[in-house]
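Please report on the structure shown here.

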Amino acid sequence: MDKKKAPKHSSYMVFGFSVFTALFLEIVNFPAEIEMFRPDFLALVLIYFAFFDPQRINIGLAWICGLFLDLLTGAPLAINALICASQVFIIHTQFRRFSNYVIYQQAIIIGLVNIIAHVVAYWLEHLLGAGNYHVNFIGTAIATTIAWMFIALLLKFLCKKFAVVPFGAEQED
């Protein structure tokens, strides 16, 4: 009569695979026509997991993942870390009920936060003397907004498929 319970896994399993894939997509060269519309894959993965499992995936881990991206792309150290961590921080502190919003509302919020974070990072890069004057913030923000809808659904599917549970939920039952 006892049903055998399915094993529950830590969110680090899917998180690690997702971050590796996002880092790979961040460094792959796209054709010049679509390069300006490259979404912020790493920020999207970090935002999703920061709300899915806030006890394990937090702003500090977003900063570390951003530093890995800085090292991979050769960007000024801590610029991508600032972008990733600030997006996670703004969404986590200002939108407490973010996971309760409809997916298109989440996408609009992510697009606005993305453009704010990129403008601030561009300003800091310019102060450091490493500014790129041919940066397209709007194209990246629009692509990130559209990509959120697909990435959030994909990550939700992966978490269900691999029986990933947030911290604290594995002690229940």
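Of the 12 residues of α3, 11 are buried, so the helix is largely enclosed by the rest of the structure. Buried means under 20% relative accessible area, exposed means over 50%, and partly exposed lies in between (1.4 Å probe, protein chains only). Helices here are DSSP runs (H or I, at least four residues), numbered from the N terminus.

This is a predicted model: local features need pLDDT of at least 70, side-chain atom pairs count only at pLDDT 80 or more, and totals for chains, interfaces and linings use all residues. Residues are numbered from 1 along each chain as its sequence is written, and side-chain values use heavy atoms, with hydrogens and water left out.

The buried residues of α3 include Phe41, Leu44, Tyr48 and Phe51. Among the elements that cover the buried residues are α1 (11-27), α4 (59-73) and α7 (137-161). Contact here means heavy atoms within 4.5 Å.

Helix α3 runs over residues 41-52.

A salt bridge puts a side-chain nitrogen of Lys or Arg within 4 Å of a carboxyl oxygen of Asp or Glu.

| Salt bridge | N to O distance |
|---|---|
| Glu35 and Arg38 | 3.0 Å |
| Arg56 and Asp53 | 3.1 Å |

Glu35 is partly exposed, at 32% relative accessibility. Arg56 is buried at 14%, and Asp53 is buried at 0%.

How values were computed:
Helices (H or I, at least four residues) and strands (E, at least two) are DSSP runs, numbered from the N terminus. The expected span of a helix is 1.5 Å times one less than its number of residues.
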